[in-house]
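Please read them with the structure open.

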Amino acid sequence: MEDGYRDLQLVLRGSSRSVKSKEISSKVWKIIGLIVVYALLAFAALIVIFPFYWMIITSLKSGEEINRLVPTFFPEVIRWSNYSDAMAKLDFGTLLRNTLIVGIFSTLGTLITSILAAFAFSKLNFKGRDMMFSIFLGTMMIPGEMMVISNYISVSRLGLTSSGLTGIYIANIIPFMVSVFYIYLLRQNFKQIPDALYLAAKVDGKGDWTFLWKVMVPLAAPTLITILILKLMGAWNSYVWPNLVAQNQKEYYMMTNGLRNSFNVASDIDQYGVQMAATVVVTVPLLLVFIFFRKYIMKGVGRAGIKG
Amino acid sequence: MESKNNWKAWLYLAPVIILLAVFTFFPIINTFYVSFLKNYDYMRGTSDGFTFDNYLLVLTPVLKSGPGTMFEEVMMTALPNTMLITIITVPLSIIISLLIAIGLNSIKALKKVFQTIFFLPYVTNAIAVGMVFSVIFDANTGIFNAIFNTPLHTWIAPAFGVQGSTVNYWSALFALSFYIIWHSLPYKILIFLGGLQNIDKQYYEAAQIDAAPKWKTTLKVTVPLLSPQILYTLITSFIGAFKEYNSVIGLFGSEGGKFDKTTGPSSMKTMVYFIYEQIGKNQVQYACAAAVFLFLIIMVFTVIQFRVSKKRVHY
């Protein structure tokens with residue numbers, strides 16, 4: 001077959017070059033193409049990485065060095081004190097405590113509600129199941145701002161924004177204990193678990209409840225870990241809602257609004273080092289989580305793009 | 001079995017349904033409702049009856065005109081800002097991420113390393129990295145001015161110690177768009193790479209037999225076969241761009257920037273920015289009217305995109 005294909009090439013009229021020279025030139029072009037691709041990718045990667053690099057080295061510079069007209073690409077004198085200043089300015093302990101409490105409880109809540117709903121949608125037959133699921137998915141199309149305003153009215157009128165730290169925690173946790181996207185993600189996973197397993201458990205006299213927690217949940221562990229990580233990162237990164245309910249009271253801040261509000265005034269340039277140290281402190285935990293759980297995160301994020 | 005499962009299923013769904021009813025379904029209806037209330041007091045829940053004035057005040061100069069009115073803030077500042085951000089960042093970020101994804105898909109060595117690097121912006125905090133970009137774009141000491149030899153050019157804030165704003169609106173828009181695109185690449189690259197890996201190798205073998213040049217194969221085979229992913233990212237990034245807020249806060253601070261008025265809008269406040277600003281001012285009814293307006297714009301554009309794409313997307 002291969003030979004016949006080559007012979008066919010030879011017969012081509014009007015071609016002044018032999019098959020061999022054509023093969024060599026196509027190989028050369030392939031290598032040139034590959035070099036260009038690598039060069040462009042490296043250039044793009046450089047642009048992607050640069051802000052991280054700049055954040056880290058600026059966080060270690062003194063105000064005098066930052067202030068120079070010709071920026072240095074590596075700090076001449078490393079100033080670690082920027083970090084202690086940043087921690088103090090952020091009131092890092094408070095931010096971490098608030099973020100962890102809110103993050104852990106809203107994540108646990110989301111996991112429980114998602115597991116229950118995904119089980120109902122994937123293994124139970126009931127009237128209106130498909131319509132209900134479509135309605136759920138439909139809510140993802142509606143911009144969150146439509147809900148945020150009314151939810152803010154609700155939590156304010158319930159007095160949650162004016163009854164101390166507990167109220168703020170509740171206001172930050174309860175509305176975020178449900179997520180249609182994660183229900184969708186988990187339902188897809190549950191559906192892959194064969195119905196035969198479910199029916200066999202029924203024959204053995206196991207109820208739905210035991211089957212769900214003893215069989216389904218362990219089998220779906222990777223998806224649950226994905227949800228756990230993405231949800232915790234979401235709490236760490238959330239800005240709008242925590243900032244609304246905190247109403248400018250420092251002790252109610254979470255990580256991200258705490259960071260922004262600590263460096264809001266056009267402060268003098270000496271502060272850039274401290275400011276960048278603070279952003280490093282907020283960013284590095286996220287990067288560490290990403291490095292350790294890369295697979296889970298990319299799988300969960302990528303899932304959204306697959307149609308159907 | 002069916003009837004037996006009915007009540008049980010609803011029991012499993014109960015927590016989700018209750019939470020969604022309270023925090024999703026009710027708020028949607030309530031936002032529409034409040035947008036038609038006059039002088040709404042959200043703490044007491046009282047109002048002076050129904051009115052269209054909220055919409056007229058926010059969207060038209062009929063009731064009040066001139067500088068400082070809400071019409072100016074929304075139709076002359078927030079809406080143009082939002083539209084420009086969308087028009088600039090959506091196509092550019094899709095094209096760049098498509099090119100990077102195609103590049104990544106054609107290499108073997110270092111693929112994983114590049115993939116990890118390109119995903120980094122996704123896991124970072126929009127506010128934190130926005131603050132880093134504001135340092136990079138600083139007029140006096142920023143590395144951007146140093147590299148591109150544009151000393152003391154003001155991108156997002158006036159140079160230190162300069163009286164009054166000297167920031168050209170378009171410079172600020174450039175810096176913001178640069179940052180938004182930088183931050184939005186990873187998600188799209190991931191989606192496109194997923195799509196590319198699912199393309200049947202047969203198509204490329206066929207193209208090779210026809211001796212089609214590589215760029216032509218990319219244009220005539222890869223892009224059409226990726227059209228579902230392109231449509232998906234188009235719609236999601238369009239909605240995302242229309243709701244841009246965190247990037248503005250990260251880059252310009254919570255005042256939204258202050259620009260030279262002769263060059264364009266005087267701040268980078270977006271539609272969502274306006275909405276949250278009104279909540280802060282206890283003017284919830286205006287926030288609701290603006291949110292409904294934003295919702296309608298997004299819906300209309302999404303429907304148009306679906307309609308147009310019906311003829312062009314290959315499933």
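1. Fold of chain B. Chain B contains 13 helices and zero strands, where helices (H or I, at least four residues) and strands (E, at least two) are DSSP runs numbered from the N terminus. Its pattern along the sequence reads α-α-α-α-α-α-α-α-α-α-α-α-α. Along the principal axes, the C-alpha atoms of chain B fill a box of roughly 75 × 75 × 35 Å.

2. Basis of the values. This is a predicted model, in which local features need pLDDT of at least 70 and side-chain atom pairs count only at pLDDT 80 or more, while totals for chains, interfaces and linings use all residues. Residues are numbered from 1 along each chain as its sequence is written, chains are lettered from A and ligands numbered from 1 in the order in which they are written, and side-chain values use heavy atoms, with hydrogens and water left out.

3. Confidence in chain A. The mean pLDDT (the predictor's confidence in each residue, from 0 to 100) of chain A is 87, and 91% of its residues reach 70 or more. Among the elements of chain A, the lowest mean pLDDT, 50, belongs to helix 1 (residues 2–11), and the highest, 95, to helix 5 (residues 92–123).

4. Domains of chain B. An automatic or database domain assignment supplies the bounds: domain 1 of chain B covers 1–34 and domain 2 covers 68–312. Taken over C-alpha atoms, the centres of these two domains of chain B are separated by 35 Å.

5. Extent of the interface. Contact (heavy atoms within 4.5 Å) involves 91 residues from chain A and 92 residues from chain B. The two chains bury about 8400 Å² between them, 77% of it on carbon and sulfur atoms; buried area is the accessible area (1.4 Å probe) that two parts lose on being put together, summed over both.

6. Charged pair across the interface. How many salt bridges does the rule find between chain A and chain B? It finds one, counting a side-chain nitrogen of Lys or Arg within 4 Å of a carboxyl oxygen of Asp or Glu. The side chains of B:Lys8 and A:Asp208 form a salt bridge at 3.5 Å, N to O. On the side of chain A that touches chain B, helix 2 (residues 19–59) of chain A gives the most, with 16 residues.

7. Salt bridges overall. Over all chains, the search finds nine salt bridges. The side chains of A:Lys123 and A:Asp195 meet in a salt bridge at 3.1 Å, N to O. This pair links distant parts of the chain, 72 residues apart: A:Lys123 lies in helix 5 of chain A and A:Asp195 in helix 10 (residues 195–203) of chain A.
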